[in-house]
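Below are my notes, point by point, for you to read alongside the coordinates.

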Amino acid sequence: MSFNEKWIAFLTIVRKEVRRFMRIWMQTLLPPAITMTLYFVIFGTLIGSRIGDMGGFSYIQFVVPGLVMMSVVTNSYANVVSSFYGAKFQRFIEEILVSPMSNSIVLWGYIVGGVARGLLVGLIVTLLSLFFTELHIHNLWVMIAIVALTSVFFSMAGFINAVFANSFDDVSIVPVFVLTPLTYLGGVFYSMDMLSPFWQGVSQLNPMLYIVNAFRYGILGVSDVNVGWAFAMILCFTAAAYAYCMYLLANSKRLRQ
Amino acid sequence: MTKALSIRGLRKTYDNGFEALKGIDLEVSQGDFYALLGPNGAGKSTTISIICSLVKKTAGDVHVFGKSISEEPAEAKKFIGLVPQEFNFSNFESLWDIVRNQAGYYGLPKKLAEERTEKYLKKLGLWEKRHNAARMLSGGMKRRLMIARALVHEPKLLILDEPTAGVDIELRRSMWDFLREINGQGITIILTTHYLEEAESLCRHIGIIDQGQIIEDTNMKVLLKRLQKEVFIFDVVGELPDEIKVEGFDAHRVDEHSFELTIDKSVSLNTVFERLSQAGLEITSMRNKANRLEELFVGLLNQGGAKA
């Protein structure tokens with residue numbers, strides 16, 4: 001395929017993915033908006049006012065970056081896992097497999113679809129947070145880079161889940177039993193300073209800790225971890241996930257027997 | 001001239017150890033209408049899936065218009081349009097989106113993709129339904145949708161895996177007309193079907209696959225010439241006796257008003273009717289007991305089974 005043909009094919013997948021989540025916006029865009037608004041009301045306004053400052057900021061200012069990032073992570077993941085598994089389940093993944101598109105175009109098409117939903121939900125949640133607090137961006141580039149990388153990484157994680165899933169139950173296992181606990185224990189609602197040295201050490205193994213803190217640094221300028229180290233970790237995770245996704249597309253018996 | 005499809009030594013063994021293809025060789029010429037027949041589980045769909053890159057081969061070579069599916073997969077895939085056996089489109093998307101997206105996957109620019117989408121939805125009688133979700137369509141319309149989708153990038157080789165399964169006779173006939181039309185325009189067609197009448201009516205060449213091996217690959221006319229005997233059913237006026245005797249023929253009573261007669265191809269129908277008159281049988285109608293190709297097909301499979 002020529003470069004132009006590849007670009008058209010890539011845009012076709014992206015457009016299809018974006019249309020899919022926009023068509024079912026009541027399942028994809030509205031729930032995170034409602035859930036996060038409840039978080040802002042309960043943890044930010046009602047309980048947060050009694051907690052006091054954290055890391056030099058009001059509690060709601062402290063939790064907003066983590067909640068935005070949580071939305072980006074879960075929605076990027078959910079978009080790709082449900083879309084790609086749905087395509088496998090209804091067998092219309094064959095439309096793509098018989099076409100002349102390369103594996104990298106297919107993968108990037110789904111990644112960008114996941115990133116589009118993740119960023120759109122992140123934007124919605126950020127705008128909603130402005131009804132409850134003020135946000136000052138400390139470092140725009142750090143914020144953009146970390147949110148984009150995170151979204152790409154979790155889109156690929158969703159892709160891997162979709163390839164291995166045998167049923168719709170398998171699609172929800174990772175978000176419920178892995179993603180949510182890691183996010184909650186990744187410093188969204190508290191600072192690492194509040195934990196004992198042992199649990200601080202354990203938390204270092206949680207990739208969400210680096211993601212949430214790097215994003216918090218971009219907005220508030222404070223972080224429990226070194227931001228450079230956080231970027232290095234996320235880049236390594238992303239590169240490994242990309243290599244694995246490409247391997248699956250080329251070799252997985254779950255796609256081509 | 002480059003073959004539309006060339007298969008050499010194709011083997012496929014699945015992970016469970018089942019050997020679906022045992023080294024098949026097959027060639028289909030450009031512009032041909034080729035029937036690939038075989039009983040369930042013979043290896044037809046595996047062969048098609050390997051050609052279309054849905055299943056990985058264990059060994060062998062497949063070339064589509066001279067392009068290897070292993071070494072130049074993108075170029076080879078551009079030549080192929082696939083109409084699979086099972087419905088494989090998103091039930092929630094509109095017909096327009098399904099066909100339009102497929103054009104996009106092949107890199108067709110927007111204007112051309114939309115023109116082609118309109119052209120094939122109209123040709124397949126789906127234009128009025130273009131905004132409907134695919135799940136709202138009848139079975140026959142779903143089959144036509146898959147044909148429109150397979151044609152939107154205007155492939156040189158169209159592969160149809162049992163396209164008329166579960167389709168009513170009227171629609172089946174209209175699909176035959178359509179397939180003849182596009183074959184007449186130069187598109188090479190490979191068809192698998194369980195309706196042998198369909199293969200006989202449409203195809204010029206035929207391959208029969210059984211237990212992962214090609215047991216016949218020939219011209220349809222040559223194959224049909226091999227048929228030495230045909231069985232006809234005759235309906236008669238009045239009631240037949242329990243035992244029917246027709247000089248020189250093997251006759252069996254089917255019910256009180258009909259009987260079957262095995263006729264050698266070298267014997268003229270005039271002789272047949274002469275003998276029937278002599279036997280005192282007054283005939284009202286006659287018909288083939290089975291499709292001619294069906295008889296050959298069963299015979300070939302039996303020979304294959306006997307060899308195995």
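1. The rule finds 5 salt bridges across the interface of chain A and chain B, a salt bridge being a side-chain nitrogen of Lys or Arg within 4 Å of a carboxyl oxygen of Asp or Glu.

2. Please keep in mind that this is a predicted model, in which local features need pLDDT of at least 70 and side-chain atom pairs count only at pLDDT 80 or more, while totals for chains, interfaces and linings use all residues. Residues are numbered from 1 along each chain as its sequence is written, chains are lettered from A in the order in which they are written, and side-chain values use heavy atoms, with hydrogens and water left out.

3. How many residue pairs are in polar contact between chain A and chain B? The count is 15, both residues at pLDDT 80 or more. (A polar contact is a pair of N or O atoms within 3.5 Å; within protein, one must be able to donate a hydrogen and the other to accept it, and residues adjacent in sequence count only if both atoms are side-chain atoms.) On the side of chain A that touches chain B, α1(A) gives the largest share, 9 residues. By class, that side has 12 nonpolar, 5 polar and 10 charged residues, where Ala, Val, Leu, Ile, Met, Phe, Trp, Tyr, Cys and Pro count as nonpolar, Asp, Glu, Lys and Arg as charged, and the others, Gly among them, as polar.

4. In terms of contact (heavy atoms within 4.5 Å), 27 residues of chain A meet 33 residues of chain B. The area buried between the two chains is about 2700 Å², with carbon and sulfur atoms giving 49%; buried area is the accessible area (1.4 Å probe) that two parts lose on being put together, summed over both. In chain A, the residues that lose the most area to chain B are A:Glu95, A:Val98 and A:Gln257, together 23% of what that side buries.

5. A:Ser99 is buried, with a relative accessible area of 0% (buried means under 20%, exposed over 50%, partly exposed in between, with a 1.4 Å probe and protein chains only). The side chain of A:Ser99 reaches the backbone oxygen of A:Ile96 at 2.7 Å. Not counting residues up to four places away in sequence, A:Ser99 touches B:Lys77, B:Tyr105 and B:Tyr106.

Notes. Helix = DSSP H or I, 4+ residues; strand = E, 2+ residues; numbered from the N terminus.
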